[in-house]
Amino acid sequence: MTKRVAILISGGGSNMVSLVDSMTGDHPARACLVVANAADAGGLAKAQARGVQTAVVDHRPFGKDRASFENALHASLVMAKPDIICLAGFMRILTPDFITMWEGRMLNIHPSLLPLYKGLHTHARALDAGDAQHGCTVHEVTAELDGGPILGQARVDIASDDTPDTLAAKVLPLEHQLYPAVLRRFATGDRSRIDL
Ligand code: GRF
């Protein structure tokens, strides 16, 4: 039975595009919805161009009322009946209440070799630390921010003249390879780890 995948975005959605474009042929899943937390998210047009249903749940009208925002987000999601949720450049921190409703079925991609550099500014932090390698991680989403079981990692050597921007430019294509590979395996029920 084909798994239904909802993808949450906040911006350009390059990871969402990679995921949607990977779900073809004998792939066990198909995209059923792309939700953005901002109407001006560039990824919305890319999803629509690929024939994927989209929705916007803008977090700003809810102010600090995270619960109401997440109730609206949940309502938008359940209508699409997803089996799996992929966070892809989604920049809102989700509360444990929301995560509990989807735990075991929600994935995220983070631009670092977790458990290193949870949170923001990961490329600058890897450079500041003088690390020899950097990369990205796909993990199951749990209540611990960027802390769930790791399903895959891809790594790249850091060059002496790398900047946060050049490093991000090295990592993003790896994200576009790793996330679809992990999703394809996860959609078969296989949670074994992928390393690229
Ligand atoms: C990527 O670096 C991703 O790792 C992070 O958000 C950035 C933009 O992602 N989560 P996208 O282009 O919107 O998919």
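Modeller: Ala, Val, Leu, Ile, Met, Phe, Trp, Tyr, Cys and Pro count as nonpolar, Asp, Glu, Lys and Arg as charged, and the others, Gly among them, as polar. The model is predicted: local features need pLDDT of at least 70 and side-chain atom pairs pLDDT 80 or more, while totals for chains, interfaces and linings use all residues. Residues are numbered from 1 along each chain as its sequence is written, and side-chain values use heavy atoms, without hydrogens and water.

Biologist: How many charged residues does the shell around the ligand have?

Modeller: The residues around the ligand (a heavy atom within 4 Å) include Gly-12, Ile-109, Leu-172 and Glu-175. By class, the shell has 3 nonpolar and 5 polar residues, and the number of charged ones is 1.

Biologist: How far from an oxygen atom of the ligand does a polar side-chain atom of Ser-14 lie?

Modeller: Polar contacts are pairs of N or O atoms within 3.5 Å. A polar side-chain atom of Glu-175 lies 2.7 Å from a ligand oxygen, and a backbone N or O atom of Asn-15 lies 2.8 Å from one. For the side chain of Ser-14, the distance is 2.5 Å.

Biologist: What is the radius of gyration of the chain?

Modeller: The chain has 6 helices and 8 strands (DSSP runs of H or I, at least four residues, and of E, at least two). Its C-alpha trace spans about 50 × 45 × 30 Å along the principal axes. The globule rule (2.2 Å times the number of residues to the power 0.38, for a radius over C-alpha atoms) gives 16 Å for 196 residues. The chain is close to this value, so it is as compact as a globular protein of that length, with a radius of gyration of 16 Å.

Note on methods
Polar contact = N/O pair within 3.5 Å; in protein donor to acceptor, adjacent residues only side chain to side chain.
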